[in-house]
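Please walk through the structure shown below, moving from its aromatic rings to its nonpolar cores, its salt bridges and one of its sheets.

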Amino acid sequence: MNDLVVIGAGPYGLSIAAHAAGAGLDVRLLGRPMASWRDHMPDGMYLKSEPWSSSLSAPDGRYTLADYCASRGLVAEHGTPLPIGTFSAYGMWFARHAAPEVEEVTVTEVTPQGDGFRVHTAQGPPLLARTVALAVGVMPFVHLPPALRDLPPTHYSHSSGHRDLARFADREVAVLGAGQAALETAALLAEQGARPCLVARRSRLDWNAVPQPLSRPALRALCDPHSGLGTGWRNWVWSELPWAVRRLPAATRERIAATALGPAGAWWLRDRFEQRVPVMLGHHLHRAVAEGGRIRLGLTTRAGESVVLDTAHVIAATGFAPHLDRLDLLDAGLRAELTTVGDSGTPELSAGFESSWPGLFFAGLLTAPSFGPSMRFVHGAGFTAGRLVRGVRKRLGARGPLPGSTTTYDRAAFGQPQTYLR
C-alpha cells in the first residue's frame, strides 16, 4: 500500500509529488504530464503570468522556470510574455528531474478501502493508498452556456478544446466571453484567417496594465507591491497569504473566489485584438439554433432588444465551474459525504488541504473557495505542495507507524504556522 497517490500531473500534481518524494514518502504519480497545457491550448498562446511567478515547486527550490530557460538560452524576463509551448516544455523538464516517474494511466475511480483508498485505472490492476491527493486540473470543470447544449456537437466547442485554430480559416466564429481565453482565442482566430466576433455580457472589456518594473523607488514599491498575482496590496494578500484567506468566514471566501481577479486581457494582447476583432458587448445569449451547417444565436441587449447573430461556429471561452458533482472519478457516496464550503460545491479543507474524509486531499481549482484565488494560478502550487505534504505526513502519523517504513516524521512541526513568501 502506497503512502500517497497523486492523481493529476500538471503543475500542482508534479509539485506535490516532488515534495512528497523529498519527504521520504512512498508516492505514486498518475496522469498525463502537463496535459492541459500540451493538449488544450492553441499554438501561439502566451503565459499571462510573469515568468518569475510561474515556477513549479521542488522542496529544495531548484528546477525553476528561470533555471530551465537559462539552460536553453531562452528569455524569461519580467514584462516579456512567455510562449505556452515553452512553459509546457518546462513542466516536462521538471517532471523528468524533480518529480517521481509519472505513470501515464487514466484513473477511472477512487473508492474508500478500509483505512485508505482503492484507485482504479483503465490500464491495469487497482492501486491501494493510505492517502490520495486529487490535483485534476481544470478539464473536469469545463463550463458551457446552457443555450448551446442542444446544438449538434460539431457546431460549438469550448476554448479548451482546440490545439490548432487553423481549421477555422475563412469561417465566421462567434467567441463567447470577456476574459483572457476569449480575447486571445479571438485574436488568434483572426491571425489564422478566420472571421471572429466577440460576444460578451459585460458592457466593457478590461485590460491589465503594463507591469511596473521590478526595481522601483522604495515608497512606490511599498504603496503598490509586486506579487505573484499582480501589483497592489489586495493581490499581494491573495498571492502570499492563502492561509489567512482560509480563516475567513465561508461566505466571504466564496465571494472572494467568485469575484477576485475577474475577467481581463493581458496588456500585450490589446493591440492585436482591437485591430482585428469586432465586438458585441452587453449582449446576453439566450438561444442557439442550428440551421443547416450554421448557427443562429439569439441575443438580448441590456436595453431588452433582440439581436440575431448568424455564424458558422461558436467557441465558448466561458471558463470552468468547479464542483464536486462533476468529479466523476470520485466515488459518489464519498462525494456526498464531504463537507463543502457553503453552497459552492467545493470541499471544505483543513490547513493541510485535507477534506472532511480522512486521507483525501485536494489541490488546484477546487480549493479556491478555501484558500483564495491564487489556487487558480500556477503560483499557488508552491504553497499547496508544502502544506499538503505536511498534511499527508500528519495523517500518516495519526494512523500509527507504517509497516516497513523507515521514515521518521517531525511531528512537533505539524502545528507550527508558517508563511510562504514565493
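Ring pairs join Trp37, Tyr63, Tyr68, Phe87, Tyr90, Trp93 and Phe94 into a cluster, where rings of Phe, Tyr and Trp (for Trp, its six-membered ring) pair if their centres lie within 6.5 Å, planes under 30 degrees apart counting as stacked, over 60 as edge-to-face and the rest as tilted. The model is a predicted one, in which local features need pLDDT of at least 70 and side-chain atom pairs count only at pLDDT 80 or more, while totals for chains, interfaces and linings use all residues. Residues are numbered from 1 along each chain as its sequence is written, and side-chain values use heavy atoms, with hydrogens and water left out.

Across the whole structure, a search finds 13 aromatic pairs. In the pair formed by Trp233 and Trp236 the ring centres are 5.6 Å apart and the planes stand at 65°, so this pair is edge-to-face. Both residues belong to helix H7 (residues 233-240), where Trp233 and Trp236 are three residues apart, about one turn of the helix; helices (H or I, at least four residues) and strands (E, at least two) are DSSP runs, numbered from the N terminus. Trp233 has a relative accessibility of 43% and therefore counts as partly exposed, and Trp236, with a relative accessible area of 22%, is also partly exposed; buried means under 20% relative accessible area, exposed over 50%, and partly exposed in between, with a 1.4 Å probe and protein chains only.

Phe353 and Phe383 form another edge-to-face aromatic pair, with 6.0 Å from centre to centre and 65° between the planes. This pair links distant parts of the chain, since Phe353 sits in the loop between helix H11 (332-337) and strand S17 (360-362), whereas Phe383 lies in helix H13 (residues 380-398), 30 residues apart. Both Phe353 and Phe383 are buried.

The nonpolar cores come next. A nonpolar core is a set of buried Ala, Val, Leu, Ile, Met, Phe, Trp, Tyr and Cys residues joined through side-chain atoms within 4.5 Å. The largest one has 99 residues, of which Leu14, Phe87, Leu134 and Phe362 touch the most other members. When its neighbours within four places in sequence are left aside, Leu134 is in contact (heavy atoms within 4.5 Å) with Ile7, Leu327, Leu329, Leu330, Leu360, Phe361, Phe362 and Ala363. Apart from this core lies another, of 18 residues, including Leu148, Tyr156, Leu299 and Val314.

Turning to charged side chains, the structure holds 16 salt bridges, each being a side-chain nitrogen of Lys or Arg within 4 Å of a carboxyl oxygen of Asp or Glu. One of them joins Arg195 and Glu172, whose closest N and O atoms are 3.9 Å apart. Because Arg195 lies in strand S11 (residues 195-200) and Glu172 in strand S10 (residues 172-176), the pair ties together parts that are 23 residues apart in sequence.

Arg294 and Asp310 also meet through their side chains in a salt bridge, at 2.6 Å from N to O. Arg294 belongs to strand S14 (residues 294-301) and Asp310 to strand S15 (residues 306-311), so this pair ties together parts that are 16 residues apart in sequence. Arg294 is partly exposed at a relative accessible area of 27%, and Asp310 is partly exposed at 36%. A network of salt bridges links Glu172, Arg195, Arg294 and Asp310.

In a further salt bridge, the side chains of Arg395 and Glu354 meet at 2.7 Å, N to O. Arg395 lies in helix H13 and Glu354 in the loop between H11 and S17, so the pair ties together parts that are 41 residues apart in sequence. Arg395 is partly exposed, with a relative accessible area of 24%, whereas Glu354 is buried, with a relative accessible area of 12%.

Strands S14 and S15 lead on to a sheet. Three strands form this open sheet in the order S13-S14-S15, with antiparallel pairing; two strands pair if DSSP finds at least two bridges between them. Strand S13 (283-291) and S15 each have a single partner strand and stand at the edges, so one side of each is left without a neighbour in the sheet. Eight bridges join S13 to S14, and Arg287 stands opposite Gly298 in S14. Thr301 is also found in strand S14, and at 14% relative accessibility Thr301 counts as buried. Leaving aside its neighbours within four places in sequence, Thr301 is in contact with Gly282, His283 and Val307.
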